[in-house]
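Thanks for coming. Please have the sequence and the model open while I talk.

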Amino acid sequence: MKKINSRIRSFEIKLLFIFCLWINTSVLLADTFTFRNFASVDGLSDLTISTIYKDSKGYLWLGTATSVERFDGVRFKHYPVFGNNEKLKWVNVIAETAGNQLWMGNETGLWRIGTNKLEPVYRDSIQGIVREILSDEKGNLYIGSGDGVWVRKADEKLERVTLDGRTLSPDNAVVAMCREKNGVLWVLTQREMYRISPDRKQKKQYSNPLLNDKEPCKYRSIVSLGNKLYIATLGKGLFCFDKQSETFSSFVDVGCNLINKLSTDGKDLLYLSTDGEGVVFVSVKARKVVRTFRNDPSHGESLHSNSVYSLLLDRDGWLWIGFYQQGLDVTNYNSGAFSVYDYPPYFDSRNLSIRSICILGKEKMIGTRNGGYYVDEARNCYRFFAKPEIRSNLIMCCKKFDDEFYIGTYGGGLYKFNPETLAITGFQSSEGDGPFQNDNISYMVEDSEKRIWICSSSGLYCYDRQGNLLEHYTDENSSLPSNSVFYILFDSSGKAWICTNNGLAIWEPSGKRIRTDVFPEGFIHKQRISSVYEDSGHQLYFIPDKGELFVSDLQMTSFRYWSPSSLLFGKNLSFVVEDKDKWLWIGTNDGLYRYDKKDVFIPYSFADGVPNPNFLACFPEIDDKGGIWFGNSKGLISLRKDWRMRENKNAYRVGISGILLEGEILDEALKESFPGKYQVALSCWRKHLTLLFSDLTYTDVPHTFYEYQWDGNEEWQRLDGKSELVFYDLLPGKYKLKIQRMGEPDSVSVLTLDISMPISYRVLFGGILLILFVMVGWAYFVKSGRSLMFRGIRLGKILLVSESEEEKKVKSVSLTREECVQLLGKVRSCMETQKLYINPNLKIGGLAEKTGISVYLLSYLFNHYLNSSYYDFVNSYRIEEFNRLLEKGEHTQYTLQALIEKCGFSSRTSFFRYFKKVKGMSPGEYIRKLDKEK
């Protein structure tokens, strides 16, 4: 009877495994990439994106139905196409020649993209529509127009190549072109293809016999790959043309015959934008579709529409997708130093919240909040387990001991997984089923004597490999501070550091006992510590549940709180791990950082391939090749093999993209004489000057990090989560700004600012000073007869002394942390009770008057204690007021502009800028997210 039950159970497990495999395969094959959308609320003026181009400096250029838009990852710059006929404004193509000269072709002809506007060119020669523009290494421009191909040579001379001798023939209207390295030009008209020789003296026409005159079909795009041409059409899908046999054939069926754009990686892949089936990637070698991106209503971060008009997978790995009336989507497809792990077609970790990992070469055990995944790439084997097969879906830890994996869950106890049979069973010790039926199992580790230590919610256990219980420490039979044990570390001296809910304890191997009376005064043993890590220099790093990192030597003779960078302020630490270069990787709930233990502190973000800044308390794993694996809230990520090259691959300098004078755009004053060398010349001073810039990594602004030097100060100042600098009351003179991405000197850009006083102002001020001088001198002469020169000098000295004393007064301020807390409490109370922030004209002097705190103390509080500016402080209240209005549903009753004014913002531009900086998304995205949650 037992044998029959055993067989039935074995059969049930196999059926369950097959079912789970089928379910997960079907789910995971779906598109799991996360897309960000840009629309009107982000500054995009037209939501129909007809073409996309990325220039040599790293800027993204969009062609729309009515304009050209330049995007730097933060802001859109608008270049309108002027004209009375809206249909003729449609932008078809954007291209670039040497010197970062941009060109645009639309329904009315060829345009040069200037600094601030579009300039029509060659209207006497190139007449009508321009649908294609190509350039070569010699600086020549190939222009596909409505009356043939035009070649603009480097010396600006034009040459025309007609395709059909009949002037009005539709076969002269070029639709698309591609150029090979040998100079051969392939040209498409609506239904014909031509080959033009490099010297442009010979051309040959190719008619496609697969096209039926009775069926509506038009050529749309063409690319060359090896000895084949691939042609996208509107109506017949995808064609292939063999250059050797000169024959046409139908190619892969992509599920849609309406293909708007076609491009290639130059090796194997074709990228198709379709009108109805989203984006399709086709492998030429495999002759099949290898990836699709579609709109999925059940997945809020999927592609926003299946009607795709334009597509660009740029050289940096960003996939940009333009839609009809749906704006622009982007995803990090293949960029940065990190990659998200997948094992197609069975497993894709994207969007999984990774809680624990065990990486053993090709073999991997991955614990998530939704169950466990086992992958063995060497055996092509995959297994998923969750409720009801186990009692809890949250996998807290996993380790392999001998030939089996131990799986610890939250509230469901301990399990063992056999990778040979793929069976998972409850842990059984010598006592029977064991004490782990409903425990939280937080961590497991093996000591030097091959014993297995298990941290649980019912104490600390020690087992041998046969499952015999050797020790069970609790708060009743030992000095263990609490039965809730999170973590245990055996250091290089042999003793164990035990982290519990009520603090630290140490297990001494000599006496096999737990002690809590060995910690010196000032240690953090009474705090809740989530984990401990020892580096190669035998330094211990204590990760608190909340608060700063704590560092100590093994003997606890030297210890301290340690903040290697203020980037960690206010963030919850998740882990610390050391790589083979002896650098530390520090994970937090808001970012991942690499630190050389000296001066260099490098942040990693979405642009580096990190899918989400939130790293859970998942202990990283270092594989046998030195690679590091991290558990992220959006997947299992690892450093690519070529991560060092990718880490420095972004060759773009920081782009200074605009300036504001007292809130007014004045981009025409910004000149770039050489890559990374900018000049701004202004006359007279203004109250404030704002410099706008971008690191051109296209990550979220809150996760961008810069360093800058200003006006001769050699010390680099850090700038976090901002993309602008504001300078107040700049007097006439010359100033110099250097700015770079943090830790990347190759990205530096230099701006020279020259502020001069107009001659009219000089004459006016000179005349006024002369009159005052004469009047004051005459008065002194009459009353006292004293030397005018002496009095003038003395007056100057008094003014200088007064100014010096005021400066010293500000610089000499030194407040304790407690004093700053008290002052901040007073300021916050005043702001919140009186709602001062809703006054758009509130200045720091007005705040000083309301709070009774001097201006220089407020300046110290903002700049040194809060590491912020006065305006950032006030605007944070205004953003919170905006949130309250949204929660009350006032956005359904008032316009966005009305809400902005009710919050105290004086301009729409500043509101959008601060809102995106604080929330990491545009107001429109935030409102949609809020409405969806409700």
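Where does Asp667 lie? Asp667 is in the loop between strand S60, residues 664-665, and strand S61, residues 670-674. Before I go on, note that this is a predicted model.

Is Asp667 buried or exposed? Its relative accessibility is 11%. Buried means under 20%, so Asp667 counts as buried.

Now look at what surrounds Asp667. Setting aside neighbours within four places in sequence, Asp667 is in contact with Lys77, Asn116, Ser657, Gly658 and Ile659. For Ile659 there is a distance to give: a polar atom of the Asp667 side chain lies 3.2 Å from the backbone nitrogen of Ile659.

Next, the cysteines. How many disulfides does the structure hold? The number is zero. I picked out two cysteines to check for burial. Cys217 has a relative accessible area of 6%, and Cys462 has 1%. The cut-off for buried is under 20%, so Cys217 is buried, and Cys462 is buried too.

Last, the surface. Which residues make the nonpolar surface patch of about 590 Å²? They are Leu764, Ile768, Leu769, Ile771, Leu772 and Met775. Take Ile768 from that list. Ile768 sits in helix H3, which covers residues 759-783. Its relative accessible area is 38%.

Methods: Residues numbered from 1 in each chain as written. Predicted model: local features only at pLDDT ≥ 70, side-chain atom pairs only at ≥ 80, totals over all residues. Heavy atoms only, no water. Disulfide = S-S within 2.5 Å. Buried < 20%, exposed > 50% of the residue type's maximum accessible area, 1.4 Å probe, protein only. Helix = DSSP H or I, 4+ residues; strand = E, 2+ residues; numbered from the N terminus. Polar contact = N/O pair within 3.5 Å; in protein donor to acceptor, adjacent residues only side chain to side chain. Contact = heavy atoms within 4.5 Å. Patch = residues over 30% accessible without salt bridge, like charges linked within 9 Å, V, L, I, M, F, W, Y side chains within 5 Å. Areas by Shrake-Rupley, 256 points an atom, 1.4 Å probe, with all protein chains shown as cover. Salt bridge = Lys/Arg side-chain N within 4 Å of Asp/Glu carboxyl O.
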